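Biologist: I have a new model open and would like to go through it piece by piece. Start with whatever terms I need.

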Amino acid sequence: MEYVRLGNSGLKVSRIALGCMSFGDTSRGFSEWALDDAAAEPIFRQAVELGINFWDTANVYGFGSSEEIVGRAIGKYTKRDDVVLATKVHFKMHDGPGGSGLSRKAILENIDASLSRLGTDYVDLYQIHRFDPQTPVEETMEALHDVVKAGKARYLGASSMWAWQFSKLQYTADLHGWTRFVSMQNQYSLMQREEEREMFGLLADQGVGSIPWSPLAKGRLARPWGTQTHRADTDPVGQRFFAANDQPIANAVQRIAEARGVPMAHVALAWVLKNPVVTAPIVGPTKPHHLPDAVAALDLKLTPEEITALEDSYSPRPPTGY
């Protein structure tokens, strides 16, 4: 495993991140495909064995149950000090005034709830899951700064927003001497490259690391086009992000993978990893081969000709996931 600094911060993380939206209690209604403690056990063990120390979850995943499973897994399979633990705040957890958004009330309420579910005193990376247009950015950034100063989070991150919104938040922190963001969790893959237009340039300028979500396009870049899985059939989030005209991209990945004699996931992840702004793609495993495939991609170097073939079929599209 390779370990790199998250942006310009001093925090070192594994080059592959474990995405924990895969884990949860299906009875809470978040997803039909999530794995419970028993089903997730071999994946957590694999992550530890492979040296994947960067684990990313969110309060809304499984409506709290992902955090609970992750917290129990840390206690069973590793040590808290050996994990870079990340979670998020923004989406609705309950109907109360602090149940969603990025108000001071919501942030302070939800960090305590997350810590309780995770069974820890602090998270290493606390991320705003989206931009909140209904809350003044000064209120949000000061509350996040107070979370850090209280010792409940070591670093701050953001996720999926317009570049101008992220710039406004970062500038507000600088203006008041508050804690800056060190990471941006944004959607990036061969099927969604709009972050290359403005966000990646901003991240490079600001010394912020990208930790892309859905680097395999919800699995569409990891298997031949048209192959269905339980998650693909039941994940409403994944259905709205990609279109039928993306088939040539998947076909190009398949051709190169077959020529190289490697799984398609190796090729798709190797393409994401080549971007200098990318710190650690987030891989959400549900099967035993998912994490080993992701780690193996670290050793695959694409040729200029292969890169051109992979990128040729992409067409501009609206950013998704904001």
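Modeller: Buried means under 20% relative accessible area, exposed over 50%, and partly exposed in between, with a 1.4 Å probe and protein chains only. Helices (H or I, at least four residues) and strands (E, at least two) are DSSP runs, numbered from the N terminus. The model is predicted, so local features need pLDDT of at least 70 and side-chain atom pairs count only at pLDDT 80 or more, while totals for chains, interfaces and linings use all residues. Residues are numbered from 1 along each chain as its sequence is written, and side-chain values use heavy atoms, with hydrogens and water left out.

Biologist: OK. How many residues of strand β5 are buried?

Modeller: Six of the six residues in β5 (residues 84-89) are buried, so the strand is largely enclosed by the rest of the structure. Val-84, Ala-86 and Lys-88 are buried on one side, and Leu-85, Thr-87 and Val-89 on the other.

Biologist: And what does β5 pair with?

Modeller: Two strands count as paired if DSSP finds at least two bridges between them. β4 is joined to β5 by three bridges, and β5 to β6 by four, with β5 and β6 running parallel. Asp-56 has Ala-86 of β5 as its bridge partner, and Ala-86 in turn stands opposite Leu-125 in β6. Strand β6 (residues 123-128) is mostly covered as well, with six of its six residues buried.

Biologist: In what order do the strands form the sheet?

Modeller: The order is β9-β8-β7-β6-β5-β4-β3-β10, an open sheet of eight strands with parallel pairing. At the edges are β9 (209-210) and β10 (282-283), each of which pairs on one side only. Strand β3 (residues 17-19) is joined to β4 (residues 54-56) by three bridges, and Leu-18 stands opposite Trp-55 there.

Biologist: Leu-18, then. What does Leu-18 touch?

Modeller: Contact means heavy atoms within 4.5 Å. Not counting residues up to four places away in sequence, the residues that Leu-18 touches include Phe-23, Phe-44, Trp-55, Ile-282 and Leu-291.

Biologist: Where does that put the core?

Modeller: A nonpolar core is a set of buried Ala, Val, Leu, Ile, Met, Phe, Trp, Tyr and Cys residues joined through side-chain atoms within 4.5 Å. The largest one has 83 residues, and those touching the most other members are Leu-18, Phe-44, Trp-55, Tyr-126 and Phe-166. Helix α10 (residues 264-273) supplies the largest share of this core, nine residues. Another core lies apart from it, with 12 residues that include Leu-11, Val-13, Ile-211 and Ile-282.

Biologist: Switching to helices. Which residues of α1 are buried?

Modeller: Ala-40, Ile-43, Phe-44, Gln-46 and Ala-47. Their cover includes β3, β4, α2 (65-77) and α11 (290-296). The expected span of a helix is 1.5 Å times one less than its number of residues. For the 14 residues of α1 (residues 37-50) that should be 20 Å, and the end C-alpha atoms are 19 Å apart, which agrees. Gly-51 follows α1 with a positive phi, near 85 degrees.

Biologist: And α9, which residues are buried there?

Modeller: In α9 the buried residues are Ile-249, Ala-250, Ala-252, Val-253, Ile-256 and Ala-257. They cover an arc of only 155 degrees around the axis, which puts them on the same side of α9; the arc is that of the directions from the helix axis to the C-beta atoms. Arg-255, Glu-258 and Ala-259 are exposed on the other side. The cover over the buried residues includes α10 and α12 (304-311). Just after α9, Gly-261 takes a positive phi of about 75 degrees.

Biologist: Last one. Is Ser-159 buried or exposed?

Modeller: Ser-159 counts as buried, because its relative accessibility is 1%. It lies in strand β7 (residues 153-159).

Biologist: Which side chain does the Ser-159 side chain make a polar contact with?

Modeller: That of Arg-130, at 3.5 Å. A polar contact is a pair of N or O atoms within 3.5 Å; within protein, one must be able to donate a hydrogen and the other to accept it, and residues adjacent in sequence count only if both atoms are side-chain atoms. Leaving aside neighbours within four places in sequence, Ser-159 is also in contact with residues including Ile-128, Met-184 and Trp-213.
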